[in-house]
Number of protein chains: 2
Amino acid sequence: MGASVEQLAVNTIRVLAADATANANSGHPGAPMGMAPVAHVLFSKFMRFNPKNPKWLNRDRFVLSNGHACALIYTLLHLYGYAVTLEDLKRFRQVDSITPGHPEAHDTPGIEVTTGPLGQGISNAVGLAIAQAHTAATFNKPGFDLVDNYTYVFLGDGCLQEGVSSEACSLAGHLQLGNLIAIWDDNHITIDGDTNVSFTEDVLKRYESYGWQVLTVSDGDHDLEGVAAAIKKAQEVKDKPTIIKLTTTIGFGSKLQGTHSVHGSPLKADDIKQLKQAFGFNPEQSFVVPQEVYDFCNKVAAEGASKEQEWNNLLAKYAEQYKEEYEDLIRRQKGDLPEGWEKHLPVYTPSDPAIASRKLSENILNKIFSVIPELMGGSADLTGSNLTLAKGTVDFQPPSTGLGDYSGRYIRYGVREHGMGAIMNGLAAYGTVIPYSGTFLNFVSYAAGAVRLSALSQVRVIWVATHDSIGLGEDGPTHQPIETLAHFRALPNCMVWRPADGNETSAAYYVALTSKHTPSIIALSRQNLPQLENSTVEHAIKGGYVVHEQEGADITLISTGSEVGICVDTIKELAKQNIKARVVSLPCWEVFDAQSKDYRLSVLPDGIPSLSVEVMSTLGWERYAHEQFGLNRFGASGPYKDVYKKFEFTPEGIAKRAVATVNFWKDVPNIRSPINRAFEQLI
Amino acid sequence: MGASVEQLAVNTIRVLAADATANANSGHPGAPMGMAPVAHVLFSKFMRFNPKNPKWLNRDRFVLSNGHACALIYTLLHLYGYAVTLEDLKRFRQVDSITPGHPEAHDTPGIEVTTGPLGQGISNAVGLAIAQAHTAATFNKPGFDLVDNYTYVFLGDGCLQEGVSSEACSLAGHLQLGNLIAIWDDNHITIDGDTNVSFTEDVLKRYESYGWQVLTVSDGDHDLEGVAAAIKKAQEVKDKPTIIKLTTTIGFGSKLQGTHSVHGSPLKADDIKQLKQAFGFNPEQSFVVPQEVYDFCNKVAAEGASKEQEWNNLLAKYAEQYKEEYEDLIRRQKGDLPEGWEKHLPVYTPSDPAIASRKLSENILNKIFSVIPELMGGSADLTGSNLTLAKGTVDFQPPSTGLGDYSGRYIRYGVREHGMGAIMNGLAAYGTVIPYSGTFLNFVSYAAGAVRLSALSQVRVIWVATHDSIGLGEDGPTHQPIETLAHFRALPNCMVWRPADGNETSAAYYVALTSKHTPSIIALSRQNLPQLENSTVEHAIKGGYVVHEQEGADITLISTGSEVGICVDTIKELAKQNIKARVVSLPCWEVFDAQSKDYRLSVLPDGIPSLSVEVMSTLGWERYAHEQFGLNRFGASGPYKDVYKKFEFTPEGIAKRAVATVNFWKDVPNIRSPINRAFEQLI
């Protein structure tokens, strides 16, 4: 295995990346061409992987945080024998290909996390590294280093500029994640030109301040040995993550190398020709891989396969000695929960006292946290407010801090919501833990970029989003969500729950935990909520149900969370005016929409008008209710009852609008339920 | 003015903050009590301000980034004679008071920016400092240092952990903003307890890496002289922002000082009593200010007033020598635009070629940038994609970089969307510039926390949000917004524009620029859009209008942006099936909703069914259309025409759904326009 095949492998990556982007007439050739040497060294000499089983638990994780450089990873996946063909490379950036414009974890074998939005990948990697450390501390035994993989990340200047990466990397330093190795493509180029127009900070000094090991390779274009030495040194330091500053030439080999012209546009035809000529490729041919490169890569892949076989042997021995742990590990990887876990969900009757739903959530966590060992909790520095810490939980902390250990299951994220969201995506992607975390509902918005990727990449992540409305009271408009539920209800594949009482809160957790491919946001109240008649877990897991039925009703009141109880109180108020009201609770639209049309029409029937009641933006409620009572303005600071009163979210205020609704619709014959639609939506 | 009155003033702040939070039975006494010494030193010895004119241009700006500590700033405003009374302090955190739970700029005289959501204030301060440097470079003349104020910020550990502050502070270092002075309340306490559970990075080293001067005061509880010396040193360094690490005891004077118990809960009655006793106050009385403290503060305020008088004299002389600049400066502070500026907005006719709306936006900027000198542009490293750089614009850069100067009007934000949003809020709050900035629409979400505060604090900030849909094509689902418009349409006081052609784009800019108290997001296409019949600036500034009228129409197609043209093309397709369609463009809901009901009904009349067409989440479209065609799933990577075809956003695909709509509604007599509502929404 001489230097020449190595160099040829490097250049093959460059040429394929240039071909793929040119063929698509779209994409980013620059970073793949610049990072080809480090990619080659990493994949051929360090990465532990078996292309035939991309889900092998103890594989090293590779994250391309600068996801726009995906021609690089697709090329590598092809060369090393993953299920990515040359045809797939030719279909780069085409509709319904497995080689989309940015890497998508659920589409392509070998892609660990969905990247492209900058700063996310490196933050996911922190989550992957936490999950590794935790899984190792939980399952490894003397003589059984079952889990000891590294997490490698490539990232560019853009990732380093994004705040989300600052948050995650500061925490990674605190957590002493020695298994995390990041390689920064220091090419001095971003879309606006030279990085010196906006990015002149001393990056390595910053990472040192976070507690990382920092290394430098000054000639990333040619110095393969230097690259290997740096990665080796990174592996050796066990109590610090490492960042390697790798100076490269963007678009290496192009006539425009080193300029931002090669960042986001394919190379011109003549440029590709000279590139191929210079690298000893036939300039008239495209998508050609020299056989010796395939041979080289196949050999590496075969070594990986045999490493997995060794590991499987180890696992088989482990299964004998540690049956319980073995079965737990296997179960976790399937995404199944422990049998019977759901019996531990609390249930309530109407005679139980009124309880804040954040407290109901805490009750659930106290019951299920020990039953579902893969749960890993946390909060963005609001533990006492979010009530996310189950009794007796140990912190996930480096043992040297004396504050916990790596088998601990509660992460102190600090005031870092976006980092927390991105880390949770990494935790979920690892395959052995289910993350949940708390913040105020209003500040889930800080993490919008990460939540979107939870949904797109189909991971099971749970946000415990307390202080869910003007009901938080005194903290005022800066903290009171108005637009937040509409925002996340509009996000595909994201469940937004706003439970009204204890059983609904249990239902929210039930569906969130059993939905393997969908993230959830559970919006919870600060104020106490009564336990409702007719609320059961079985009803609520349908996303919507009738809380109060009434023969010959004049109106349906539809509500969520803290307002359902007020709607129930409104029934009497309306009875005084001879108006009969039925009440519907709709804690999760996404789940309700998935029910049969018959069921939905039984909840929201034809023939009577309806009024939605929710103390925030009415946007979207038109989908379920003929009229909408909400808050299309910012809230107010004050004791919560005063705030509710100011905005008329009282039985009297609701009744007033219910009367207006009944009057407005009384002359309309055959009122149609909004459930009826002219055509089905695309899915 | 001896030490005793100074100490008394410090303790008065502490006692008032304790009283205000105890009286409200809510709030955060800890930070105000800990930061009372530095607040006293800053306000009495450094801050330039006149409480009688909180809008004086050359006042120093004070930003309380740890906004939860607002009892501190309310107390200071009261003591120094702003229009904040003792009664107001007693109404702390009560409905409709001017002392809400977190500081709100539009509510309270003396509050510069709205803070509380952590990390925002320090980032706003970077914007205030940029605006100061720019205004100075633009208006100062030899002998006329008209603008030379400082921006002071208090911030806590939480602000330092948030990524938004990392982004803004990295840029502040690059920009060498010597007028920015931040004081970090290093009290080692956050809500989760000691900062060592999650925040062990070396903060000062990090700020050094950004290019800041870093200073330390180790006894912030007592060392008033040390505090003063540090602030003086900060003022002296002209080419670096400064951060002062000030070690304090949270809740100083409380029995629970130094613990997180005093962070977010009022002191107990007996604790307040001992506090007052220890500080020489009557333990039985509340809200008492010793007269000598008032006298002391009044004297400081009087000195401030006379400084403003001197400045006014200087301004009067300036008016004589530099009439034009003077008038420009006065105009800017009123928020008025230069007379006749709107004549420079491009107008188009249907015979003009199809142009991408991002390009139409660039055409506008090229026309108006020189006419409206207060415009300050920028982009989060997507200048060439957002097309936000008007021809010939100089960068806002430190002169030493050789890349521009402080009179430059284009900010290279780097890949820092959240920081950019928060900086724009600060720029707008300064009073002499109007900021706009570009990123992809999808990544405005990264800045959601800042956009929300733009809306709440009522500042004129413009997002040039290009690549506004699946129409961006190959970059794929990671970059294609689905939920984004719904999100920001649900945000109160935020205009979301999605113009369909040249005249609508001009209209969007017209309304955005003339709305002094409302931020705007202008969603713009990557792909070319035809110039529409009946589209005029006058029509489009109503937020919605009829693009194509038709006698006896069977259906109204309602659309925005790139889909309006496709709807127009659908008319012919439907005519083949003997269906008459009218087409409505609805580029801005917020503005359309503000039109008279008669007008809205003329656009969306009773009697015919309607279908909305927009290539993203349908959420909220039920408000305007009986049926909705949209994309309630993630997009796809591919050439944009293929992607549109995949999801059937073609004349054929729209016609299919229009037919279904007509059929579905044909048996309904007297179809009601969704404009008709049973009652008015609260505003």
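Mentor: A helix here is a DSSP run of H or I with at least four residues, numbered from the N terminus. With that in hand, α3(A) in this predicted model is followed by A:Gly81, whose phi is positive, near 95°.

Trainee: What makes α3 of chain A count as a helix, and which residues does it span?

Mentor: Helix α3 of chain A covers residues 70-79, 10 residues in all, and the requirement is at least four, so the run qualifies as a helix.

Trainee: Why are A:Cys588 and B:Cys588 called buried?

Mentor: The relative accessible area of A:Cys588 is 0%, and B:Cys588 is likewise at 0%. The cut-off is under 20%, so A:Cys588 and B:Cys588 both count as buried.

Trainee: Which residues carry the UniProt annotation "binding site"?

Mentor: The unreviewed UniProt entry gives A:His28, A:His263, A:Arg358, A:Ser385, A:His467, A:Asp475, A:His479 and A:Arg526. These residues are spread over 499 residues of sequence and also in space, up to 48.5 Å between C-alpha atoms.

Trainee: What makes A:Ser385 buried rather than exposed?

Mentor: A:Ser385, found in helix α14 (residues 383-386) of chain A, has a relative accessible area of 17%. That value is under 20%, so A:Ser385 is buried. Beyond its neighbours within four places in sequence, A:Ser385 is in contact with A:Arg358, A:Phe440, A:Thr466 and A:His467.

Trainee: Is A:His467 buried or exposed, and how do you know?

Mentor: Buried, because its relative accessible area is 4%, against a cut-off of under 20%. A:His467 lies in the loop between β14 (462-466) and α18 (484-489) of chain A. Its contacts, leaving aside neighbours within four places in sequence, include A:Arg358, A:Ser385, A:His479 and A:Arg526.

Trainee: What makes the pairing of the A:His467 and A:Thr466 side chains a polar contact?

Mentor: The N or O atoms must be within 3.5 Å, and residues adjacent in sequence count only if both atoms are side-chain atoms. This contact is between the two side chains, at 2.8 Å.

Conventions:
Residues numbered from 1 in each chain as written. Chains lettered and ligands numbered in written order. Predicted model: local features only at pLDDT ≥ 70, side-chain atom pairs only at ≥ 80, totals over all residues. Heavy atoms only, no water. UniProt positions renumbered as here; feature names shortened; annotations may be inferred. Helix = DSSP H or I, 4+ residues; strand = E, 2+ residues; numbered from the N terminus. Buried < 20%, exposed > 50% of the residue type's maximum accessible area, 1.4 Å probe, protein only. Contact = heavy atoms within 4.5 Å. Polar contact = N/O pair within 3.5 Å; in protein donor to acceptor, adjacent residues only side chain to side chain.
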